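Reader: Can you walk me through this one? I'd like to start with the helices and strands.

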Amino acid sequence: MSARLASCLLLLTILSMVATSAQAPATEWPTQDGAYIIKNFRFGSGESLPELKLHYLTLGKPHKDAQGHTDNAVLLLHGTGGSAHSLLNPVFANVLFGPGQPLDITKFFIIFPDDIGHGQSSKPSDGLHMRFPQYDYDDMVTSQHTMLLEGLHVDHLRLILGTSMGCMQSFIWGETYPQFADALAPFACLPVELAGRNRMWRYMAMQTIKNDPAWNNGEYTTEPVEGLRGANDLIIIAGSSPLQMQKNFPTRAQAETYIDRVVAAADASTDANDFIYYVNASRNYNPAPKLATITAPVLWINSADDFINPPELGIAERMVTQMSRAKFILLPISDATRGHGTHTQAAIWKQYLIDFLAKTERK
């Protein structure tokens, strides 16, 4: 396994906190590897790159309808710090992609992009460091759209399913390209500006890195380990589920050993500049003013034990009414939920997705 892939999968584990004693066995999915170069990509900040590389994986084959439009493509969007490999996690992929499953790869053409700043796509650690353009979620969606149209020749999507950061991008997709997808499935986010505690922990994580003298304004020769340790500590708290943490690590010794192990591994495989960029990409996210322009059906699911999107704020219940065809589901805390990482635990929300796909199927 490459260091980059190991890093992406490790960060997914930390963010999702799938702290179970046994996992489903891994499946060797027949992915196809690809990349598309967008020439002279201009970011919302006004900055540009002569070449923006977007890496992606695919499963299945595209199908065209009688009018020549793609009718079976599904865009799966990963979370912060993840990659195209993230949603190949067995607790997600094994539940959804097999024969007869809701995203059966013999029927659907599934596309997993590495977002800007992630995986094998263009990112600060490629060499520009803190001179890399200050990308945001709008840039990610714009580049995904270009990659689909020009790189994969996909002009329509059956579904956009996004987790965490991908959840937020799903709302942006619905506003920016309202006719491009038949349906949207945003899991584990809120369609409002990231303020309050949500922005606070992100800001603390970034500042922890920047306040480490070894960071050197991004021009370090070795990673700023003290800053990374503090930043990854915050990620674990934000992504964890109290019920699962207590269940799986019921003694002080077990809890401390677990943290020492996963944080040490994360520190060893995280690039500090990449971390700052992908956490800060949410800085100007705020789809709230234009939610009413989303015309596609929306299946929006959050979990009641999500520290990052706490249900007691009541935001989801207010915002869902602004979309004409949206349904919000709050999953109650249970032995099956995993805090913010419930978005990847497909078994718990699989039936909702099955019903949603049936309801939104073209006649």
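**Helices on the sheet**

Author: Helix α3 (residues 137-151) lies across β1, β2 (48-59), β3 and β4, running at about 115° to β1. Contact means heavy atoms within 4.5 Å. Axes are lines fitted to C-alpha atoms, for helices over the stretch in contact, with angles from 0 to 180 degrees between N-to-C directions. Helices (H or I, at least four residues) and strands (E, at least two) are DSSP runs, numbered from the N terminus.

Reader: What kind of model is this?

Author: This is a predicted model: local features need pLDDT of at least 70, side-chain atom pairs count only at pLDDT 80 or more, and totals for chains, interfaces and linings use all residues. Residues are numbered from 1 along each chain as its sequence is written, and side-chain values use heavy atoms, without hydrogens and water.

Reader: Which strands does helix α4 lie across?

Author: Helix α4 (residues 165-176) lies across β3, β5, β6 (184-187) and β7 (298-303). Its angle to β5 is about 145°.

Reader: In what order do the eight strands come?

Author: β1-β2-β4-β3-β5-β6-β7-β8, in an open sheet with mixed pairing. Two strands pair if DSSP finds at least two bridges between them. β1 (32-42) and β8 (326-331) are at the edges with a single partner strand each, so one side of each has no neighbour in the sheet.

Reader: New topic. How many bridges join β3 to β4?

Author: Three, and the two strands run parallel. Leu75 has Ile111 as its bridge partner in β4.

Reader: And β3 with β5?

Author: Four bridges, also parallel. Leu76 is partnered with Leu161 there.
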